[in-house]
Amino acid sequence: MNVLFIYHLLFGVIYYLYALSNPSDSKRYFSVPHNSTKSWFDFLGVETTFIDFISYPFINGLGFSYEMMMLLFTWIGYWGFVFGFLFFRENIPQKVMVFKRIDLLTLILFFPNMHFWSASLGKGAPIFLGLMLFAYSIGKIKERKLGLIISSLLVFSIRPHMFLLLCVGSLYGLYFGKNLLSRKNKLIGGAAILAGLLLLHEHILAVVNLNDSTNLWADFLAFSSSRSEDLSSANSGLNMAGYSLPEKIFTFWFRPLFLDAPGFLGLIVSVENFIYLLLFGKLLRVNFFQFWKNAPSHVKSCLMIFVLTSIAMTFIMSNLGIMIRQKTMIMYFMFFVIYYFLAYEKSDALKIKLNRLNAIKTGRLSKV
């Protein structure tokens with residue numbers, strides 16, 4: 001983790017140098033609070049306004065420069081990796097080797113695209129921290145209530161629709177996963193999540209201008225179509241209107257993939273996407289369905305969050321640059337499922353080997 005800290009700081013420097021000569025939202029996130037005549041609590045809101053609310057006291061109270069704010073948010077992004085590491089290691093203590101003796105967790109932690117978009121002033125760093133803190137806290141709610149509350153508020157304040165997907169995925173895992181929760185605790189947990197959704201549903205729907213809608217599905221399709229057309233007009237836009245749902249999802253997960261890479265950064269992302277493709281391929285095995293049937297709640301929650309978010313994003317994303325950035329929020333949920341499955345396979349194979357050795361020792365099975 002010490003090496004990872006230096007590695008993440010390096011990406012903070014890389015993003016800063018990139019932002020000096022390229023359009024970057026980080027410049028807007030600094031200039032708005034810095035030049036505003038509003039008070040701090042005038043910025044209290046959701047999405048972009050909430051990032052201004054976080055930045056305001058550091059910029060106007062402590063006198064942070066643009067460079068200091070970039071460093072602060074790089075540090076915030078690093079804490080996302082800390083909680084992600086704890087979440088993985090706590091639930092999967094054994095190491096899993098892939099690609100000729102490469103530790104899978106090390107590979108996951110050092111993916112460059114994950115660091116690039118979580119090492120700058122903006123939504124990327126705090127939303128990543130919120131998601132990983134949520135994943136870490138949901139496993140032991142009694143001991144980590146504060147972490148669960150802080151992460152939920154953080155995710156909701158930055159991306160309300162992501163909070164909705166977190167709640168739905170958590171409910172699915174809670175009721176359909178193999179866990180040790182009593183029926184009483186399941187009911188209490190489910191009621192709390194549903195109550196939160198009911199209280200905040202107007203803010204969530206307002207993100208896509210559906211808070212006054214009388215036909216949510218039709219209005220959502222109209223919004224997604226309009227949003228998709230706007231994004232497809234950009235330099236790295238894609239005409240996804242004619243894509244089938246599987247094609248859209250594949251595009252969101254694995255593109256750009258070399259041939260359609262937008263520039264040098266796109267080539268680096270293509271290499272990473274190719275590794276994603278290889279890792280996802282490890283789930284295409286018959287015993288995955290048996291594993292899924294008996295999977296614990298946090299595994300089922302992670303996959304449901306990943307799938308739901310992916311489907312939702314494909315309706316409104318038609319720009320490779322935005323897709324590259326947006327999917328960093330949720331990739332760790334899928335990596336967790338892959339890691340857990342490979343660890344399950346490893347432990348299952350070990351059990352078979354031990355049973356065989358035990359049978360040989362007791363004379364019930366020939367060495368041949």
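The side chains of Glu90 and Lys140 meet in a salt bridge with 3.7 Å from N to O, a salt bridge being a side-chain nitrogen of Lys or Arg within 4 Å of a carboxyl oxygen of Asp or Glu. This pair links distant parts of the chain, since Glu90 lies in helix α4 while Lys140 lies in the loop between α7 (124-138) and α8 (145-158), 50 residues apart. Helices here are DSSP runs of H or I with at least four residues, strands are runs of E with at least two, and both are numbered from the N terminus. Glu90, Lys140 and Arg144 are linked in a network of salt bridges.

The model is a predicted one, in which local features need pLDDT of at least 70 and side-chain atom pairs count only at pLDDT 80 or more, whereas totals for chains, interfaces and linings use all residues. Residues are numbered from 1 along each chain as its sequence is written, and side-chain values use heavy atoms, with hydrogens and water left out.

Buried means under 20% relative accessible area, exposed means over 50%, and partly exposed is in between, with a 1.4 Å probe and protein chains only.

| Pair | N to O distance | Accessibility of the partners |
|---|---|---|
| Glu90 and Lys140 | 3.7 Å | Glu90 35%, Lys140 37% |
| Arg28 and Asp52 | 2.8 Å | Arg28 31%, Asp52 2% |
| Arg285 and Glu345 | 2.3 Å | Arg285 32%, Glu345 18% |

Not counting residues up to four places away in sequence, Tyr344 touches Gln290 and Phe291, where contact means heavy atoms within 4.5 Å.

Arg28 belongs to helix α2 and Asp52 to helix α3, 24 residues apart. In α2 (residues 25-35), Ser26, Tyr29, Phe30 and Pro33 are buried; they cover an arc of only 90° around the axis, which puts them on the same side of α2, the arc being that of the directions from the helix axis to the C-beta atoms. The buried residues of α2 pack against α1 (2-21), α3 (48-61) and α4 (66-91).

In the protein chain as a whole, the secondary structure comes to 17 helices and 2 strands, and buried residues make up 47% of the 368 residues. The largest nonpolar core has 95 residues, of which Phe88, Leu104, Leu131, Tyr332, Phe333 and Phe335 touch the most other members. Of this core, the largest share, 13 residues, comes from α17. A nonpolar core is a set of buried Ala, Val, Leu, Ile, Met, Phe, Trp, Tyr and Cys residues joined through side-chain atoms within 4.5 Å. Leaving aside its neighbours within four places in sequence, Tyr332 is in contact with Phe81, Phe88, Ile108, Leu109, Met114, Phe128 and Met132.
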